[in-house]
Amino acid sequence: MTGRTTGQGDLFVLDSPLLTEIRGEQSLMAYPFFALTKTAWKRSLIYKTESVSIEIGPGPRGVATIYDKEVLLYIASLLVAKLDAGETVAQDFYFTAHDLFRVTGVNGSARSYSRLSDALERLQGTQIKTNIEAGGEGQAGFFSWLSEAQLHYQKNARGEKRLKGVKVRLCDWLYRAILRDRRVLEYSPSYFQLGPVERRLYEVARSTCQDGAVQVGLDDLRLQLGYQNSLKHFRHAMKSIAEENCIPDYHIAMGEGPSVDTVKGTRRTTAASTVTITPKASLPVS
């Protein structure tokens with residue numbers, strides 16, 4: 001059973017450890033729902049196309065970051081594992097920070113526990129509004145990733161706190177998306193060793209290259225990743241990523257061609273306007 005209390009009222013049945021691979025919901029992989037920073041991002045994030053609208057508002061500690069997303073990936077993986085096993089599921093989850101750190105490759109230092117607390121506050125405080133339907137239902141107004149997030153402690157004889165577990169309640173929107181739509185994809189284990197831009201590029205590649213290579217305009221890719229700096233800066237970052245060939249399972253190639261870059265009100269033509277993302281499994285063996 002998921003995160004239920006016992007008759008004593010203060011104990012929970014743990015949902016951890018996670019015994020399967022990390023999996024994520026496809027819409028959260030395809031679109032920019034998280035800030036690409038480690039530090040607090042205090043400005044709103046907006047992504048709009050002809051078909052997709054996303055507005056992200058900061059809470060008291062800022063917008064949830066791509067590193068905070070690790071908590072949601074862990075929860076989603078617990079939920080999918082239970083569904084695959086035919087178990088009864090609910091929106092409440094109770095797990096150990098130790099198991100979360102094990103899965104994501106984080107050491108269990110005091111600083112890591114402090115960062116987890118901050119991440120939970122951002123996930124609960126961030127406000128999301130989107131027209132992307134989940135489980136066949138649209139949702140007007142704003143919601144938060146976690147409607148509840150608590151750290152449960154015990155004190156030893158010296159009065160020192162010892163973390164027992166983390167209790168969270170997943171938002172309706174993401175819960176419906178996983179429970180009903182089941183559009184979940186596995187993550188590479190090396191995802192957690194990537195930097196923020198590389199993480200987003202991997203997620204976009206994983207969610208869009210289902211039928212082979214995909215070519216996308218450089219500025220369109222910048223927006224889809226949620227990259228907040230200039231197109232010129234993004235081009236430089238992408239060239240470095242392509243040269244390093246560091247995205248798990250995918251090859252990144254820059255294309256040459258005309259592109260428009262706006263700098264201080266002027267327009268100029270630049271090069272490297274496209275990016276081709278190819279699954280490495282489909283590349284010829286050299």
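Me: Which helix gives the largest share of the lining of the largest pocket?
Reply: In this predicted model, local features need pLDDT of at least 70, side-chain atom pairs count only at 80 or more, and totals for chains, interfaces and linings use all residues. A pocket is an open set of points on a 1 Å grid over the protein atoms alone, where a 1.4 Å probe fits, with protein on both sides within 12 Å along at least five of seven lines; lining residues have an atom within 4 Å of a point. Helices α2 (69–84), α3 (97–104) and α4 (110–125) each supply at least two lining residues here (DSSP runs numbered from the N terminus: helices H or I, at least four residues; strands E, at least two). The largest share, 7 residues, comes from α4.

Me: How many residues line the largest pocket?
Reply: Residues are numbered from 1 along each chain, and side-chain values use heavy atoms, without hydrogens or water. Tyr67, Asp68, Glu70, Val106 and Arg115 lie nearest the pocket's centre. The whole lining has 21 residues.

Me: How many of the largest pocket's lining residues are charged?
Reply: Charged means Asp, Glu, Lys and Arg; Ala, Val, Leu, Ile, Met, Phe, Trp, Tyr, Cys and Pro are nonpolar, and the others, Gly among them, polar. The lining of the largest pocket has 9 nonpolar and 4 polar residues, and the charged ones number 8.

Me: Between which domains does the second largest pocket lie?
Reply: This pocket has 20 lining residues, with Tyr47, Thr49, Asp220, Leu223 and Gln224 nearest its centre. Strand β2 (45–48) and helix α7 (218–225) each give two or more residues to that lining. Both domains (bounds from an automatic or database assignment) contribute lining residues, so the pocket lies between domain 1 (13–187) and domain 2 (189–285).
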